[in-house]
Each structure stands twice: as structure tokens, then as C-alpha cells.
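Work through the following exercises with the sequence and the model side by side, and try each task before reading its solution.

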Amino acid sequence: MAATEHPMQALAAFLPEGTFDQVVKYLHQHKVHLTVTKERKSVLGDYRNAIPGKNHRISVNKNLNKYAFLITLLHELAHLLTFEKYGHRVMAHGKEWKQLYSNLLVTFVQHNIFPDDIKAALRQSIADPAASSCAEEGLMRVLRKYDEKKAHVSLLEELPLHAYFKTHDERIFEKGERLRKRYRCKEVKTGLVYLFSPIYEVKEVEKD
């Protein structure tokens with residue numbers, strides 16, 4: 001099954017020490033149905049607003065480290081708060097969401113929950129949050145230091161130019177030049193060109 005229902009106390013295992021009570025307070029106050037789900041490659045978390053007969057629904061990937069899990073949950077909670085205040089009248093990641101997300105981050109950062117390197121990276125998020133944590137490359141690099149080590153997995157930016165690498169769906173690419181914020185990479189089988197984030201996780205493979 002993609003999703004797992006956990007008793008509320010079990011949520012503590014996914015959160016940094018000292019954050020459980022505050023998080024549960026938000027979940028209860030806003031009547032959130034929280035689901036911890038398996039890894040999704042396209043998103044870290046998701047929010048669905050309340051509708052008649054159903055509470056607000058938030059899902060967060062269970063493979064995230066505790067700090068990434070909390071940050072993702074706060075990102076989605078900010079969507080909930082934005083919806084409760086503005087409904088569908090504002091952009092999903094507009095100034096209203098940014099302000100509410102920044103406020104949530106400040107609430108947790110000021111309690112010394114995060115290590116110093118994550119706290120420093122979060123200052124940029126507080127000043128100008130991105131639409132996705134994945135888009136904040138500095139923050140993602142720091143958070144990755146707290147992941148369980150994965151065998152033979154590298155960030156794309158760590159590979160040399162023209163290296164071959166395999167993605168999670170087993171496709172093989174050749175790393176090309178960096179174009180502003182993305183690397184131009186060619187799929188070996190089809191010759192099609194795709195743009196990859198520098199912090200995309202890949203496995204280097206030998207050239208045939």
C-alpha cells in the first residue's frame with residue numbers, strides 16, 4: 001500500500017526531538033488528517049483542502065530525515081493556513097503563502113530545534129520561500145547530510161562532465177554542460193535532451 005495510517009503518538013518517530021507537541025497542536029486545531037506515505041519522486045508532501053465530510057489532508061513522504069519531514073510538513077501546513085484565510089482567491093505559492101510559511105519556520109527555528117547548518121540555510125527560506133523545498137538547493141544540500149547514506153548514490157553536480165548516470169527509473173543519461181540552474185543531459189537510448197537539477201540523486205554507471 002502507498003500510504004500508512006499511524007496512531008498520533010507514532011508521529012514522534014518522524015519528527016525532531018521537542019517538536020511533537022507543537023505539531024500535534026496544529027494538527028488538532030486545524031483538524032488535519034495526516035498520512036505518512038512511501039517515497040514519491042515528484043513531491044515530498046501534499047495538501048488537499050477540507051471539503052464537506054472530509055478534513056484537511058496532508059501527506060508527507062516517510063523516507064525523509066526528521067528535519068526534512070518537519071520542514072515539508074510546515075510547508076503543507078502553510079497551504080492549509082493560506083486556504084483557511086483566503087480560500088482559492090490567492091496563488092498557491094503567492095505572497096500570502098510565503099508569509100504564513102515564513103511565520104511557521106520562525107516559530108520552530110527560534111526554539112533551537114535545528115542544527116546550526118540547517119538553521120543557516122532556513123534563513124533564506126524565511127526571507128523568500130521557494131514553491132518547493134526541492135527548489136532551494138542550498139537547503140536540500142544541507143538536509144541531505146542528515147539522510148541515511150545510500151550506496152553508490154551521488155548528486156548530479158558531483159559527477160564529472162560527460163559521465164553516464166542512471167536515474168531511479170533505470171534510464172541512462174550522459175551529463176552535459178550546466179545551463180544556468182540545470183544540467184543539460186542526453187538520454188543515451190533516445191538521444192533526447194532533458195534538464196536536471198544539480199541536486200538530483202543519480203547512480204554513476206560505466207560507459208559501454
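## Exercise 1: a paired strand

Strand 2 and strand 4 (residues 56–61) pair in the parallel sense over six bridges, where two strands count as paired if DSSP finds at least two bridges between them. The model is a predicted one, in which local features need pLDDT of at least 70 and side-chain atom pairs count only at pLDDT 80 or more, while totals for chains, interfaces and linings use all residues. Residues are numbered from 1 along each chain as its sequence is written, and side-chain values use heavy atoms, with hydrogens and water left out.

Task: find which residue of strand 4 is the bridge partner of His33, and explain why strand 2 is largely enclosed by the rest of the structure.

Solution. Begin with the elements themselves: helices (H or I, at least four residues) and strands (E, at least two) are DSSP runs, numbered from the N terminus. Next, look across to strand 4, where Arg57 is the bridge partner of His33. Finally, consider accessibility, for which buried means under 20% relative accessible area, exposed over 50%, and partly exposed in between (1.4 Å probe, protein chains only). Strand 2 spans residues 32–37, and five of its six residues are buried, so the strand is largely enclosed by the rest of the structure.

## Exercise 2: salt bridges around Glu137

Task: determine which residues form salt bridges with Glu137, and state which parts of the chain these pairs tie together.

Solution. A salt bridge is a side-chain nitrogen of Lys or Arg within 4 Å of a carboxyl oxygen of Asp or Glu, and a search of the whole structure finds 14 of them. One joins the side chains of Glu137 and Arg178, at 4.0 Å from N to O. Because Glu137 lies in helix 5 (residues 137–144) and Arg178 in strand 7 (residues 172–179), this pair ties together parts that are 41 residues apart in sequence. Glu137 also forms a salt bridge with Arg182, with the closest N and O atoms 3.6 Å apart. Here Arg182 lies in strand 8 (residues 182–187), so the pair links parts 45 residues apart in sequence.

As a next step, compare the accessibilities: Glu137 is buried at 16%, whereas Arg178 is partly exposed at 37% and Arg182 is partly exposed at 32%. To complete the picture, Glu137, Arg141, Glu157, Arg178 and Arg182 are linked in a network of salt bridges.

## Exercise 3: the largest nonpolar core

Task: identify which residues touch the most other members of the largest nonpolar core, and which helix supplies the largest share of this core.

Solution. A nonpolar core is a set of buried Ala, Val, Leu, Ile, Met, Phe, Trp, Tyr and Cys residues joined through side-chain atoms within 4.5 Å. The largest one has 41 residues, of which Phe69, Leu77 and Phe114 touch the most other members. Its largest share, 10 residues, comes from helix 2.

Then examine Phe114, taking contact to mean heavy atoms within 4.5 Å: leaving aside neighbours within four places in sequence, Phe114 is in contact with Tyr67, Leu70, Ile71, Phe108, Val109, Lys119 and Leu122.

## Exercise 4: a loop residue

Task: decide whether Ile113 is buried or exposed, and list what it touches.

Solution. Ile113 lies in the loop between helix 3 and helix 4, and at 14% relative accessibility Ile113 counts as buried. Not counting residues up to four places away in sequence, Ile113 touches Pro16, Thr19, Tyr67, Leu70 and Phe108.
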